Amino acid sequence: MRLALIGNGGVGKAFIQLLLDKSGLLLKEKMDVQVNYVLDSKGGIYNPAGIDLMRLTEFNHSGLPLSRFSGGGSDQITFNLLLANGGVDVLVELTPSNLLTGEPGITHIESALQMGWHVITGNKGPVMLAWHNLNRIASDKGVRLMVGCTTGGALPAINGGLIDLAGADILSIEGVLNGTTNFILEEMEEDRCTYEEALVKAQQAGIAETNPSQDVEGWDTAAKILILTNILMNESKLLQDVAVKGITALTPQDIREAANNGLKIKLVGRASFQDDQLIISVRPEALPPEHPLSHANGKNKAVRFVTDTLGELMITGGASGTRAAAAAILRDLLFIHRTGR
Ligand SMILES: NC(=O)c1ccc[n+]([C@@H]2O[C@H](COP(=O)([O-])OP(=O)(O)OC[C@H]3O[C@@H](n4cnc5c(N)ncnc54)[C@H](OP(=O)(O)O)[C@@H]3O)[C@@H](O)[C@H]2O)c1
């Protein structure tokens, strides 16, 4: 399998490290994985014989752009060159999630699929905005578009839905889909601190990003519930169809009042029918202990499906962080290998 990796950030670097750590497993699976291209925004590395991943991992600690990598690194290695050269089986797309335009991810993914390459991505923007079109191209070309990393990294929400809920009508989806906000809410409850104090703790623990707005304002959860809804319920909803409210306005008093009534506040993404109309929302909800989502604690995520024939199912837990996200990319790679396409 010849791989091209676009995006050498937290997840991209962790993916390269994971390929090394899991070399024994890849051998057992009879997977001959060769990474021929790795690109960042300033250039990249190309080696037709396969990049030395051990050297790349060491180089990645330097923080230098890939163009400075001796042995194939150049600022002339671009996505257009990759398309012109060809010779790739799987494109792994890990550029930042742009929820407004989906770019540059949409262009990367669509071009790769048109080339007849499989694509694996963790990038939410293209999947949220263009799933049906991209998946149709994949299907026309007889390749796979795997997006298992986009709805909570390790949480097998989308693949679980696609594979194990196949044939059932999904009547509703609800989830605690953002680990950062879940951690902050728990801190506010347990340490009786303000939202601002809990956010600082999350940042100090490396859980929240320096700019956490996509998480705390609810947009990350909105993207994930939209992806789940559009793919698993075959809808074509947009971000403007989702009523989004984050956790930034919650006060210690809100949390305390809920706790006094035996309730836990969670940021819930939900897609469900009301009077035959699909309503999609993201908002803090005070859940009673008998609600299964109220038990998704700490950085954990959870998703609950209600179906017509398979009943109610919930998936919860999973590791978080870049290594877990990289592992979600690896599991999609294995799926392509094991299913033969
Ligand atoms: N972090 C997680 O735990 C996690 C979990 C699930 C999904 N995801 C998704 O996975 C993707 C990658 O996340 P990340 O945390 O690794 O992001 P990141 O650290 O911001 O890295 C993004 C990478 O993409 C590169 N890039 C940006 N524009 C590019 C372009 N036009 N052409 C080529 N490369 C380009 C950047 O290069 P420069 O450094 O040169 O700018 C950087 O190497 C995102 O879409 C994210 O939402 C992340």
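## Strand pairs and a helix crossing, term by term

Analyst: Strand β12 (residues 301-307) and β13 run antiparallel, joined by six bridges. The model is predicted: local features need pLDDT of at least 70, side-chain atom pairs count only at pLDDT 80 or more, and totals for chains, interfaces and linings use all residues. Residues are numbered from 1 along each chain as its sequence is written, and side-chain values use heavy atoms, with hydrogens and water left out.

User: What makes β12 and β13 a pair?

Analyst: Two strands pair if DSSP finds at least two bridges between them. β12 and β13 have six, so they pass. For instance, Ala302 has Thr316 of β13 as its bridge partner. Strands here are DSSP runs of E, at least two residues, and helices are runs of H or I, at least four, both numbered from the N terminus.

User: Why are α8 and α9 called oblique?

Analyst: Their axes cross at roughly 125° and come within 9 Å. Axes are lines fitted to C-alpha atoms, for helices over the stretch in contact, with angles from 0 to 180 degrees between N-to-C directions. Under 35 degrees is roughly parallel, over 145 roughly antiparallel, 65 to 115 roughly perpendicular, and the rest oblique. The α8/α9 angle falls in the rest, so the two helices are oblique to each other.

User: Which residues make the contact of α8 with α9?

Analyst: Contact means heavy atoms within 4.5 Å. α8 brings Phe183, Ile184, Glu187 and Met188, and α9 brings Tyr195, Ala198, Leu199, Lys201 and Ala202.

User: How many of them are nonpolar, and how many charged?

Analyst: Seven are nonpolar and two charged, with no polar residue. Nonpolar covers Ala, Val, Leu, Ile, Met, Phe, Trp, Tyr, Cys and Pro; charged covers Asp, Glu, Lys and Arg; the others, Gly among them, are polar. Glu187 and Lys201 are in the contact, so they go under charged.
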